[in-house]
Number of protein chains: 2
Amino acid sequence: MATGHTDPQRRERIIAATLDLIADEGVAGVSHRKIAARAGVPLGSMTYHFRGIDDLLREAFRRFTDDIVALFDAHLAPPTDRGQARTAVADLIHALLGGSRRDLVLTQELYTLAARRPAYRALTQEWMTRSRVHLERHFDPVTARQLDALIEGLTLHRALAQESQDHAFTLEAVTRITTTGRRAP
Amino acid sequence: MATGHTDPQRRERIIAATLDLIADEGVAGVSHRKIAARAGVPLGSMTYHFRGIDDLLREAFRRFTDDIVALFDAHLAPPTDRGQARTAVADLIHALLGGSRRDLVLTQELYTLAARRPAYRALTQEWMTRSRVHLERHFDPVTARQLDALIEGLTLHRALAQESQDHAFTLEAVTRITTTGRRAP
DNA sequence: AGCAAGAATGTACGTTCGTACGCTCTCGAG
DNA sequence: CTCGAGAGCGTACGAACGTACATTCTTGCT
């Protein structure tokens, strides 16, 4: 139609549609045409708004990581002591697992890209750094790194084995990893 | 050429080539033609030996998980006490990270498929079960689950952040997660 | 030697893909 | 009212894809 109208929402809609499509069919299933159909925009818009598929994927995943970091922030800002922080981390893990498989799927897709391509690895590194900043508000740097890894592993295993793991199990693991040496408060 | 000769190595070569290709270009980059070229077999062999691409991917990943489980076995069979077992686990983690990025990449690719498709999820579940059997030779079931998750997370984070983490750091994390309650020998 | 069986292959078809590019349409300045 | 400028779009092209299937070749039996 060529409205001639500058439409700033167009770009956003395309990015949102891209994430939805990745969640449904994976990065492998992404194509300009499918995204366009899902976003309700013409095919020509794809190359107009984005330099290419890769450009689009990077923007989409940046959006996604921003959302997850916001989740870390929301959970880890409130607690004021170590005990609360541990509970908050356990809550966070269950929040990540909670709703749909969507977040898990998107995370995996991103990691897969990152494992092979440095451009995406930069994204995951920044993500990890930002998450860790939140954890370091409550734990020392070494513990934060270990805890971060544990969160990753628990989330992943829980999602791949559908044996449900309850909150107590998670909290126990978090407590162990954040308990240093022979003693702990 | 149609040698008419039954060649049992043919199938193996195709599977090996598939894993190599996935490691290099990802599941998204897999095609009958590329695999055939890499394995040095004609395109027609693809549909002859495998029902389709999906069939081939499943067989390839089964081969891969078998190899990793063997690695678990090799590391976790020898130790006889808890301390040795902890060291063995730390060694195992560094072995997983050790050589190339290949194993990490393949693992991610598999998880990505598993996150969305039950047929592949069955594969990861079986894999987890078999790994855990090895861990449970040295640790109680709950600890084994937590440790398994930790191994996953440490491996992944180490690979995505290229900040190197040394053996001492890994052993410390393993020790924490395998130390229950307030005290431990 | 001749031949049936079936292992292995080459090729061709219909689809889908990313992207380039010439075109249309709207808007604000004059 | 006129008319650039540039935002936005439809289409077409070449390449790559998965798969089916007719065909070729070897082998073991008679």
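Beyond the neighbours within four places in sequence, A:Ser45 is in contact with A:Arg10 and A:Ile14 (contact being heavy atoms within 4.5 Å). The structure is a predicted model, in which local features need pLDDT of at least 70 and side-chain atom pairs pLDDT 80 or more, while totals for chains, interfaces and linings use all residues. Residues are numbered from 1 along each chain as its sequence is written, chains are lettered from A and ligands numbered from 1 in the order in which they are written, and side-chain values use heavy atoms, without hydrogens or water.

A:Ser45 belongs to helix α3 (residues 43–49) of chain A; helices are DSSP runs of H or I with at least four residues, numbered from the N terminus. With a relative accessible area of 9%, A:Ser45 is buried (under 20%, with exposed over 50% and partly exposed in between; 1.4 Å probe, protein chains only).

In chain B, B:Val142 is located in helix α8 (residues 141–160) and is partly exposed, at 36% relative accessibility.

The whole structure holds 3 cavities of 30 Å³ or more, a cavity being a set of points on a 1 Å grid over the protein atoms alone where a 1.4 Å probe fits but cannot get out. Points are joined across faces, edges and corners, and volume is the space filled by probe spheres set on them.

Definitions and conventions
Helices (H or I, at least four residues) and strands (E, at least two) are DSSP runs, numbered from the N terminus. On a 1 Å grid over the protein atoms alone, a cavity is a set of points where a 1.4 Å probe fits but cannot get out, and a pocket is an open set with protein on both sides within 12 Å along at least five of seven lines; lining residues have an atom within 4 Å of a point.
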